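Open the model in your viewer and keep the selection tool ready.

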Amino acid sequence: MHQTRFLAGIALLALSAGGCGLAAAAPERDVLVPAEPTAIDFVDPATVVGLSTATITNEDDDHSRYVHINYPELTDAPGLNRALRADAERQLRDFRAAKSVNGDYPRPELNVDWQLAARSPEAVAVRLRTGEFLGASWGNSTRTFWFDPRTGKAGGSTALLGGPQALDRLAALVKEQLKGRGPQVERDGVRADPGQFDSMAFNRSGDLVVEFDDCQIGPCSLGRVAVAVQAGRVAPLLSELGRRAQESVREAARSAPPAGPTTTPPKATASPEASSNRAGSVNCARTKCVALTFSDGPGPRTGRLLDLLAAGKARATFFTVGTNAVAQPGLLRRMSAEGHLVGNHSWSHRDLSKQATSKIADSFRRTDDAVRAAIAQEPTLARPPYGAISKDVRDVARDLGLSLVGWDVNSRDEPGATASEITDRVVRKAHPGAIILMHDTNPESIDAIPGILKELSGKGYTFVTVPELYGSAAMRAGRLYESGNQQSRKQPLT
């Protein structure tokens with residue numbers, strides 16, 4: 001196990017309250033809390049062979065709701081893939097049926113990302129983290145799915161237990177451990193309900209970590225509430241899968257490099273600005289140029305997209321989601337090596353215009369770190385999710401040295417659009433200097449690429465990365481660029 005795997009897991013508890021298992025719902029970066037028993041070691045997804053990511057984005061026809069659901073797919077765990085897909089579809093149905101509590105704006109939003117809580121021949125666990133915004137505030141919840149490679153079956157967290165009586169006993173142990181947490185934690189709200197015990201995993205000592213959702217057993221302001229039930233006390237309650245999972249997590253911890261009493265985050269290393277290795281080979285002041293841009297990936301079809309772009313001698317700009325970047329860094333390296341440009345699309349695709357400046361900065365920085373680790377270049381472009389921009393987003397981008405990139409040609413390649421419709425729309429709306437919005441997570445988008453390249457090449461267009469549209473004028477941090485035709489001097493800094 002690599003050291004980064006340990007750090008990524010420990011990061012979950014960065015703001016814990018002295019052993020109580022209360023922490024921020026969103027993890028901080030590489031901060032070690034050695035005494036926190038509810039810390040979970042998450043597996044580095046880049047080390048897992050056969051892992052890709054799946055994405056569901058489904059806005060309403062009037063674009064009044066935002067949806068971004070991301071989860072892993074493993075080639076050797078089809079049962080787990082089906083369970084994760086079914087859960088994603090269920091969440092989408094429930095969200096679309098929910099009513100906004102604050103009218104149409106701010107737009108309701110559903111966001112789901114993931115972590116690997118275990119990965120071995122004995123057990124695999126995927127922890128889904130859901131954020132839901134219905135117009136008042138964010139609500140956060142977690143669910144952990146467990147997969148048994150021996151049987152090929154996937155189930156919820158209670159699959160770790162030996163049955164209803166074991167769940168009853170576990171609920172009693174959790175209540176016992178919640179004593180002393182203060183009056184805000186509602187111990188009597190803990191019930192032997194599989195819906196409450198839907199996110200469980202093991203820490204490196206084999207203790208069973210039970211997580212509760214926001215507002216589930218106390219005020220929403222508490223954030224994450226978790227309890228670690230000691231390995232010896234939980235052992236009699238475990239199913240066969242639970243026992244194997246517990247031992248596999250312990251074994252992974254034993255094989256990891258020893259951690260010291262404190263861990264100092266690595267120093268940031270200077271990296272050159274991200275650029276295409278073919279930048280400057282086309283003069284867009286004299287040539288009809290367009291910039292194809294792809295958001296949300298990399299995904300399972302990004303490799304095929306790169307093949308098609310190479311065959312068409314076209315370059316593009318990829319705005320990567322940080323959670324996907326860390327899972328598939330090889331695809332980012334290929335993008336960079338083949339003359340494309342890698343940009344920042346935030347860490348988990350939440351609408352940044354609803355976030356505090358600290359969270360906006362963290363989302364951009366974490367994604368910058370992921371890109372830098374993959375290609376040894378520092379991103380200089382960012383596309384805020386959904387194109388949603390506020391003054392805070394502009395200010396943070398300026399401080400981080402990021403130019404904001406929108407679009408003026410929308411391919412409308414959302415689910416339901418056909419490849420021919422996407423092709424026709426892009427070809428009809430393209431113009432010199434166009435920035436074209438597409439997504440490399442949608443199969444129809446990839447299928448549309450051969451037609452787009454053929455039609456626009458036939459009209460004399462050259463496909464370049466976004467900064468090449470602006471030539472020597474250069475792009476400035478904190479400014480929004482939606483077309484190569486716009487004059488940067490007219491763009492406000494804030």
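A disulfide here is a pair of cysteine sulfur atoms within 2.5 Å. Searching the whole structure turns up two disulfides. This is a predicted model: local features need pLDDT of at least 70, side-chain atom pairs count only at pLDDT 80 or more, and totals for chains, interfaces and linings use all residues. Residues are numbered from 1 along each chain as its sequence is written, and side-chain values use heavy atoms, leaving out hydrogens and water.

**Stop one.** Select Cys215 and Cys220. A disulfide joins Cys215 to Cys220, S to S 1.9 Å. The torsion about their S-S bond is about 120°, so this disulfide is right-handed. Cys215 is partly exposed, at 38% relative accessible area. Cys220 is also partly exposed, at 48%. (Buried means under 20% relative accessible area, exposed over 50%, partly exposed in between, with a 1.4 Å probe and protein chains only.)

**Stop two.** Now pick Cys284 and Cys289. Their sulfurs are 2.2 Å apart, in a disulfide. This link is left-handed, with -95° about the S-S bond. Buried or exposed: which are Cys284 and Cys289? Both are buried. Counting bonded cysteines along the chain, the pattern is 1-2, 3-4.

**Stop three.** Go to Asp368. Asp368 is in helix α9, residues 357-375. (Helices are DSSP runs of H or I, at least four residues, numbered from the N terminus.) Asp368 is buried yet has no salt bridge, meaning a side-chain nitrogen of Lys or Arg within 4 Å of a carboxyl oxygen of Asp or Glu. The nearest side chain of opposite charge, Arg372, is 5.5 Å away. Lys and Arg count as positive, Asp and Glu as negative; His and the chain ends are not counted. Finally, show the contacts of Asp368 (heavy atoms within 4.5 Å): Asn344, Glu378, Pro379 and Leu402, not counting residues up to four places away in sequence.

Methods: Helices (H or I, at least four residues) and strands (E, at least two) are DSSP runs, numbered from the N terminus.
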